[in-house]
Amino acid sequence: MPDFIRARREGQKEQRLQEIKAATQALFEELPYHAITLTVIANRLGCSRAQLYQYITTKEEIFLLLCEDKRRAYFAALQAAFPADCGYTPEVFAAVWAGLLNAHQDFLKYSSLLPIVIETNVSVERLAGFKQAYYTEVEDVLRLLETQLGLSAQKAQALYDDVYYHAVGLGSSCWDNPLIRQALEMLGRKPEDLGFRQRIRQFIEMCLQYYCGR
């Protein structure tokens with residue numbers, strides 16, 4: 001990418017940033033998080049590490065942007081899946097929500113890195129901007145839960161949090177990890193198939209029973 005450094009206009013800078021994100025995402029599909037460095041990203045882009053510093057300071061800044069992209073895609077899918085007049089039963093609501101989480105496991109995968117990795121190595125200004133966008137965007141999701149399920153604001157928040165954190169934890173146990181697979185093979189054990197979609201659907205159904213009083 002010989003012209004990578006020559007971005008001068010705002011539109012060009014945004015294009016370069018998109019290229020950085022795309023390269024990092026592709027690497028994350030191939031390598032574990034710790035193996036991805038700014039040097040590795042620069043090599044994938046065909047530029048120098050110094051050139052990357054024109055746009056970002058740490059790799060966590062790139063992953064923070066990717067987390068935001070994944071979150072927005074997931075939130076948009078939630079809004080589309082539950083139109084105002086859908087009238088879904090709790091069982092159908094749980095099945096649809098579980099399907100969305102299953103389809104957006106990339107959102108969960110990036111989210112699993114947020115608290116202890118990504119958010120610990122970005123500037124407070126960037127993190128504040130990320131958090132502010134989240135609080136603004138999640139309000140629409142919470143209103144959806146309030147309206148569709150007849151929940152109070154407090155219960156809608158609790159339901160969203162319970163499903164989100166359980167999905168992140170369950171997802172991290174379901175994703176294929178070559179090192180874990182090799183270790184289990186050495187022990188003569190097979191990785192357990194946890195069945196993410198089915199188990200998260202059952203969990204959502206349980207939460208709906210609790211919060212909706214059914």
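## Basis of the model

Because the model is predicted, local features are reported only at pLDDT of at least 70 and side-chain atom pairs only at pLDDT 80 or more, whereas totals for chains, interfaces and linings use all residues. Residues are numbered from 1 along each chain as its sequence is written, and side-chain values use heavy atoms, with hydrogens and water left out.

## Overall architecture

The protein chain contains 10 helices and 0 strands, where helices (H or I, at least four residues) and strands (E, at least two) are DSSP runs numbered from the N terminus. Along the sequence the pattern reads α-α-α-α-α-α-α-α-α-α.

Of the 214 residues in the protein chain, 42% are buried; buried denotes under 20% relative accessible area, exposed over 50%, and partly exposed the range in between (1.4 Å probe, protein chains only). Among contacts with a separation of 6 or more, 68% join residues 24 or more positions apart, a contact being heavy atoms within 4.5 Å.

## Helix 4 against helix 5

The axes of helix 4 (residues 59-81) and helix 5 (residues 90-103) come within 10 Å and cross at roughly 155°. Axes are lines fitted to C-alpha atoms, for helices over the stretch in contact, and angles run from 0 to 180 degrees between N-to-C directions. Helix 4 and helix 5 are therefore roughly antiparallel; the classes are roughly parallel under 35 degrees, roughly antiparallel over 145, roughly perpendicular from 65 to 115, and oblique for the rest. The crossing of helix 4 and helix 5 is right-handed, a term used if the near helix is turned clockwise from the far one by less than a right angle, with left-handed used if anticlockwise.

Helix 4 contributes Tyr 74, Ala 77, Leu 78 and Ala 81 to the contact, and helix 5 contributes Val 96, Trp 97, Leu 100 and Leu 101. These residues divide into 8 nonpolar, no polar and no charged. In this scheme Ala, Val, Leu, Ile, Met, Phe, Trp, Tyr, Cys and Pro count as nonpolar, Asp, Glu, Lys and Arg as charged, and the others, Gly among them, as polar.

## Helix 5 against helix 10

Helix 5 also packs against helix 10 (residues 196-212), with axes that come within 8 Å and cross at roughly 140°. That angle makes helix 5 oblique to helix 10, and their crossing is right-handed.

The helix 5 side of this contact includes Phe 93, Trp 97 and Leu 101, and the helix 10 side includes Arg 197, Ile 200, Arg 201 and Glu 205. The residues of the contact divide into 11 nonpolar, 2 polar and 4 charged.

## Selected buried residues

Leu 78, in helix 4, counts as buried at 4% relative accessibility. Leu 78 touches Trp 97, Leu 100, Val 141 and Leu 144, not counting residues up to four places away in sequence. Leu 78 and Leu 144 are 66 residues apart in sequence, and their C-alpha atoms are 8.8 Å apart.

His 104 lies in the loop between helix 5 and helix 6 (105-111) and is buried at 15% relative accessibility. Beyond residues up to four places away in sequence, His 104 touches Ala 73, Tyr 74 and Ala 77. Ser 111, in helix 6, is buried with a relative accessible area of 6%; with the same exclusion of residues up to four places away, Ser 111 touches Tyr 164 and Val 168.

## Cysteines

The count of disulfides (pairs of cysteine sulfur atoms within 2.5 Å) is 0. Cys 207 is in no disulfide, and the nearest cysteine sulfur, that of Cys 212, is 9.8 Å away. Cys 207 is buried at 6% relative accessibility, and Cys 47 is buried at 11%.
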